[in-house]
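Work through these exercises with the model open beside you. Try each task before reading its solution.

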Amino acid sequence: ELARIIKSDPAFVGRLIKAANSVNAHPGRPVVSVQEALVVLGMPAVRNLALGFSLLSQYKLGTCKGFDYAGFWAASLACGIALQELTLRTRAAQAEEAFSVGLLARVGELALATLYPQDYSGVLLVASKVGQADLASLEAERFAMNHRDLTAAMLTDWGLPKVFCNIVHDHELCDEIAYPQDSREYVLVQSLALSRLIADICVADQAARAAIMPRLFVLGARLSFEKDDL
């Protein structure tokens with residue numbers, strides 16, 4: 001029950017995993033899943049962390065006016081669930097670890113909104129006019145780092161394996177990525193890109209959803225998923 005509640009908060013999951021990796025007795029195998037972090041830290045410690053941070057209530061409505069906090073939380077949770085489900089079929093990672101990776105895949109955006117609320121609101125306003133595809137370049141121009149770089153840096157700091165940090169950084173560029181098609185990295189990158197799209201479909205209105213659906217089948221075909229399965 002505690003794990004289920006924790007899983008709804010990307011920011012707390014990141015801190016929990018970082019704390020677990022700092023005391024992990026088996027450093028050769030980093031902690032990635034929420035369940036494993038609970039085992040490593042113990043229930044009393046996790047409860048104390050949750051009470052101390054109170055991140056869900058603190059950041060659900062933040063001060064960055066241009067940032068959709070409710071949409072971020074909903075899409076992050078949907079992405080984690082989608083990647084977990086896809087990974088049960090591809091076997092490219094452990095399903096519980098895949099959930100954490102999907103949940104945390106956009107945490108750099110939340111960090112920018114938290115650290116620079118006014119500046120980031122301005123960046124998001126410009127991106128809404130010129131297209132979200134240019135968001136990373138607009139971020140880099142303003143902050144000398146984009147959300148992909150920051151997310152990967154945060155996951156590295158929290159102790160996640162390099163393969164997960166890399167695929168989180170690269171998945172938005174899945175059409176250009178150069179991983180061999182028979183590699184684990186290729187499957188994970190395409191799976192995370194597909195999960196992000198599934199999350200977008202989950203939170204989109206009906207008109208926007210219809211426009212996204214053709215892309216769903218393109219990404220699914222790269223992983224040999226049939227249309228009915230998707």
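**Exercise 1. Is Glu-96 buried, exposed or partly exposed, and what does Glu-96 touch?**

Step 1. Get the accessibility. Glu-96 has a relative accessible area of 28%, so Glu-96 is partly exposed. The cut-offs: buried is under 20%, exposed is over 50%, partly exposed is in between, with a 1.4 Å probe and protein chains only.

Step 2. Know the source. This is a predicted model, in which local features need pLDDT of at least 70 and side-chain atom pairs count only at pLDDT 80 or more, while totals for chains, interfaces and linings use all residues. Residues are numbered from 1 along each chain as its sequence is written, and side-chain values use heavy atoms, with hydrogens and water left out.

Step 3. Glu-96 sits in helix H7, residues 95-104. Helices are DSSP runs (H or I, at least four residues), numbered from the N terminus.

Step 4. List the partners. Not counting residues up to four places away in sequence, Glu-96 touches Lys-7, Ser-33, Gln-35 and Gln-84. Contact means heavy atoms within 4.5 Å.

Step 5. Follow one partner. Gln-84 belongs to helix H6, residues 69-90. Beyond its neighbours within four places in sequence, Gln-84 contacts Ala-95, Glu-96, Ala-98 and Phe-99.

**Exercise 2. How many residues of H7 are buried?**

Step 1. Count. Nine of the ten residues of H7 are buried, so H7 is largely enclosed by the rest of the structure.

Step 2. Name them. The buried residues are Ala-95, Glu-97, Ala-98, Phe-99, Ser-100, Val-101, Gly-102, Leu-103 and Leu-104.

**Exercise 3. Describe how H2 and H3 cross.**

Step 1. Take the geometry. The axes of H2 (residues 10-23) and H3 (residues 34-41) come within 9 Å and cross at roughly 50°. Axes are lines fitted to C-alpha atoms, for helices over the stretch in contact, and angles run from 0 to 180 degrees between N-to-C directions.

Step 2. Classify the angle. That angle makes H2 oblique to H3. Under 35 degrees is roughly parallel, over 145 roughly antiparallel, 65 to 115 roughly perpendicular, and the rest oblique.

Step 3. Find the contact residues. H2 brings Val-13, Leu-16, Ala-19, Ala-20 and Val-23, and H3 brings Val-34, Ala-37, Val-40 and Leu-41.

Step 4. Sort them. This contact has nine nonpolar residues, no polar and no charged. Ala, Val, Leu, Ile, Met, Phe, Trp, Tyr, Cys and Pro count as nonpolar, Asp, Glu, Lys and Arg as charged, and the others, Gly among them, as polar.

**Exercise 4. Which residues of H10 are buried, and what covers them?**

Step 1. In H10 (residues 135-143), Leu-135, Ala-136, Leu-138, Glu-139 and Phe-143 are buried.

Step 2. They cover an arc of only 160° around the axis, so they lie on the same side of H10. The arc is that of the directions from the helix axis to the C-beta atoms.

Step 3. The cover includes H8 (107-115), H9 (117-130) and H11 (147-157).

Definitions and conventions
Helices (H or I, at least four residues) and strands (E, at least two) are DSSP runs, numbered from the N terminus.
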